[in-house]
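Please report on the aromatic rings and the helix packing in this model.

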Amino acid sequence: MKKLTKQLLCIGSLSAMFLAFDLGIYHCFTKRCTETESAEFQAKSVEVSAYLPFDADSAIVRHRSEVQLTGDLPVMDGAAALFPMYSAFAHALYPEDSCPYAEGDFLPESAVQFRNTGDAYRAIADGTADVIFCARPAEYQLQYAADRNVELVFQPIGKEAFVFVVNSQNPVNTLTCQQVRGIYSGEYTNWSQLGGENTPIAALQRIHGSGSQSVMESFMGEVPMVKDYDTFLGRAIGFSFRYYVEGIVEKGGVKLLSLEGIAPTAENIRNGSYPVVSEIYAIYRKDDTSENLAQLLTWIMSDEGQRIVEETGYVPYTAAPVTFSE
């Protein structure tokens, strides 16, 4: 009986150890490295229902243009961070019954869809979207279109800062571009090498094919990125677009790093002093000769369209227009 009791106690102790180990792995590593472009994460990051084109309580820029499109409307799709912007385009130009939404998703017949970056690039190549709003693509996304004999056109419509984010308690406030490349290539592994605390660096990445990961790969150039698996005790650094993380910064807990001593403000994006500025694009198929698509693209680059870009939170591609009157 004593032997059986000891065996059960041993099994219970081992189970508790494994449970503690699993929880440690989850909280110290897995939870911190959640695939932030997944559908589950995006559902929390961008509340689609809060930015619907024609909802009475929508948080979009609410402006109705004198230009109105009818008939065969271009189907719009795109990245999570750009959804509030292109939803506002639809509000400005499309009929109110053109974007049906039910049970947490746009219906198939809706002229606005929300598939996020990876699926949006597939949609434009497959012809299930007519124009998508995204950052630059990954090579495999371009290849997906090329394999279908689809040539994509990238029309810049705005500008955005590509930013690096750390915990607000991290004493490091600015890095050089070369230092950031050094972090992600494995040259720097401890914050003390960069003027910070004697703490390992946890260099977090996004999933392959996401807009931010593609821009990061472009930022690195010929310098290869290494995966950082030793992040249990590290103080993290991550990357994204300014618009995407400003709300998190406002709530506290994280801060945006300056690069080369320049903060990623709208003014520094506009005047070109912030060193990593990414264009945001309206992307369409070159063989699409739709009159409505041409009108939509022309309107986006007009003062009205560029005001929506700016009031959504981005820097307009053309000269900064005045805000809408109340």
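Predicted model: local features only at pLDDT ≥ 70, side-chain atom pairs only at ≥ 80, totals over all residues.

Residues are numbered from 1 along each chain as its sequence is written, and side-chain values use heavy atoms, with hydrogens and water left out.

**Aromatic pairs.** The structure holds 15 aromatic pairs. Rings of Phe, Tyr and Trp (its six-membered ring) pair if their centres lie within 6.5 Å; planes under 30 degrees apart are stacked, over 60 edge-to-face, and the rest tilted. Two of the pairs are tabulated here.

| Pair | Centre distance | Plane angle | Class |
|---|---|---|---|
| Tyr101 and Phe106 | 5.0 Å | 70° | edge-to-face |
| Tyr184 and Phe239 | 5.6 Å | 65° | edge-to-face |

The Tyr184 and Phe239 pair links distant parts of the chain. Tyr184 belongs to helix H6 (residues 177–185) and Phe239 to strand E8 (residues 235–241), 55 residues apart. Helices (H or I, at least four residues) and strands (E, at least two) are DSSP runs, numbered from the N terminus.

Burial uses relative accessible area: buried is under 20%, exposed over 50%, partly exposed in between (1.4 Å probe, protein chains only). Tyr184 and Phe239 are both buried. Phe106 is buried at 5%. Tyr101 has 26% relative accessibility, so it counts as partly exposed.

Tyr101 and Phe106 also belong to one aromatic cluster with Phe83, Tyr86, Phe89, Phe114, Phe133 and Trp299.

**Charges over rings.** A charge sits over a ring if NZ of Lys or CZ of Arg is within 6 Å of the ring centre and within 35 degrees of the ring normal. Arg148 places its charged end over the ring of Tyr144, 3.5 Å from the centre. Lys159 lies over the face of Tyr317, at 5.7 Å from the ring centre.

**Gly182.** Helix H6 also contains Gly182. Gly182 is buried, at 1% relative accessible area. Beyond its neighbours within four places in sequence, Gly182 is in contact (heavy atoms within 4.5 Å) with Glu187 and Tyr188.

**Helix crossing.** The axes of H3 (residues 83–93) and H10 (residues 291–300) come within 12 Å and cross at roughly 110°. Axes are lines fitted to C-alpha atoms, for helices over the stretch in contact, with angles from 0 to 180 degrees between N-to-C directions. H3 and H10 are therefore roughly perpendicular (65 to 115 degrees). Phe89, Ala92 and Leu93 of H3 make the contact with Leu296, Trp299 and Ile300 of H10.

Terms used: Parallel < 35°, antiparallel > 145°, perpendicular 65-115°, else oblique.
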